[in-house]
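Keep the structure open while you read.

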Amino acid sequence: MPARRFWLCVTAAVIALLVRTSTAAADSGAPLVLTASLDGEINSATSGYLAQAVSQAQAQHAAALVILMNTPGGLSSSMDEMVATLLSSKVPTVVYVAPAGARADSAGLFVAQAADVVAMAPGTNIGSAHPINASGANIGGELEQKVVNDAVARIRDLAASHGRNADWCEQAVRQSVNVGAASAVDLHVADLQARDLPSLLSALDGRELPRPHATPVTLHVAGAAVQDDSMPLPLRFLQLIMDPNVAYLLLLLAIFGLIGEFTTPGAILPGVVGVISAVLALVALSSLPINLAGILLVAFAFVLFVVDLKAPTHGVLTVGGVASLVIGSAFLFDTGPIGGAGLSPLVIGVAGLAAAGLFGFVLTKAVRARRRPAYDMTVPAARPAEREETP
């Protein structure tokens, strides 16, 4: 009983302290600033995370949402969604390229220019937004001109509507120019430079934002309570597997595992690994733009591998399967023109060598098994006992 009373008293004291603390915070009227971190490639996971952060900031009536950005670019479709989210936000948004060494390149430039304020930490850079294809090469031809003109019109509108340097942003699209934090502020590509978040909030306090797509506001963020709205763990995991290289490796692991289970029934482990990898690969691939020709070539490659294990073609189909796998992998993802990142050539090369080595080894064993002489393992039938004739 004394121990129970003690813990009841402790619990009541903690609850009272929490209530008093929350009441004091409410009475102080301190503004609330939410922070969200966009670190890595732009994809559907980061797009969903940003939409969630904006909704959270609106629900809590935050004074501002600060987006810590460090990205090399990403999917153009996800970039469009993020731009639309920022333009329709009821809460003032601030893109802060930080910490030192961070960047807002390619699609990141478009997202940054959609925010009400663009701030940069020393040692960061922004720009390099020329359209490229999924493999990282130039698009070429009339299609490139069409895509570039569309991107130029988009970035000029975003920059000009927020009073920034639309001419330089156009150069970032056409010529892939890139500048550091101090030059970006001098060129009016970014609005200010701040060494850390407290310095940023101090510089933003009292700043008037015209907000072309929403109601103009004056920021009051001095002494604000900062709340970190980190990316949830499921979205972090989704962002990891949505990397084209990771999704591709999961796809190969699923196919290798399932083939291993079918060729050696009862092994169990290859089948378990294959099924888990297949589910994760489907989740990742459902959020990535897939090129139909690429996926058909990859599937055809494994059909050739399996057939070559059964048919006496002496490896001809395996060679064709490796060629089909490499070509299909190069065209597997169509990640869009604005900073889209396709498969790494190194990953494609390693996958091709691994497939050739694995199926070459299995094929060699199968050929040796076919060349072995067949032995009659049947047991001869017993001769019927001879009857003895009686004289």
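Contact here means heavy atoms within 4.5 Å. Axes are lines fitted to C-alpha atoms, for helices over the stretch in contact, and angles run from 0 to 180 degrees between N-to-C directions. Helices (H or I, at least four residues) and strands (E, at least two) are DSSP runs, numbered from the N terminus.

Keep in mind that this is a predicted model, where local features need pLDDT of at least 70, side-chain atom pairs count only at pLDDT 80 or more, and totals for chains, interfaces and linings use all residues. Residues are numbered from 1 along each chain as its sequence is written, and side-chain values use heavy atoms, with hydrogens and water left out.

On confidence: pLDDT is the predictor's confidence in each residue, from 0 to 100. The chain averages 82, with 79% of its residues at 70 or more. Residues 21–27 stay under 50, and the model gives them 1 contact beyond four places in sequence.

Now the sheet. Two strands count as paired if DSSP finds at least two bridges between them. On that basis, 6 strands make an open sheet with parallel pairing, in the order β8-β5-β3-β2-β1-β11. β8 (192–193) and β11 (225–228) sit at the edges with a single partner strand each, so one side of each has no neighbour in the sheet. Strands β1 (residues 32–39) and β2 (residues 64–70) run parallel and are joined by 7 bridges. Within that pair, A36 is opposite I67 in β2.

Helix α2 (residues 44–59) packs on the sheet, where it touches β1, β2 and β11, and its direction makes about 180 degrees with that of β1. Helix α8 (residues 197–204) lies across β1, β2, β3 (93–97), β5 (117–120), β8 and β11, at about 140 degrees to β3.

| Pair | Angle | Axes |
|---|---|---|
| α2 and α9 (residues 233–241) | about 155 degrees | 9 Å apart |
| α2 and α3 (residues 76–87) | roughly 10 degrees | within 9 Å |

So α2 is roughly parallel to α3 (angles under 35 degrees count as roughly parallel, over 145 as roughly antiparallel, 65 to 115 as roughly perpendicular and the rest as oblique). From α2, S44, T46, S47, L50, A51 and V54 meet S78, E81, M82, T85 and L86 in α3. That contact has 5 nonpolar, 5 polar and 1 charged residues (Ala, Val, Leu, Ile, Met, Phe, Trp, Tyr, Cys and Pro count as nonpolar, Asp, Glu, Lys and Arg as charged, and the others, Gly among them, as polar).
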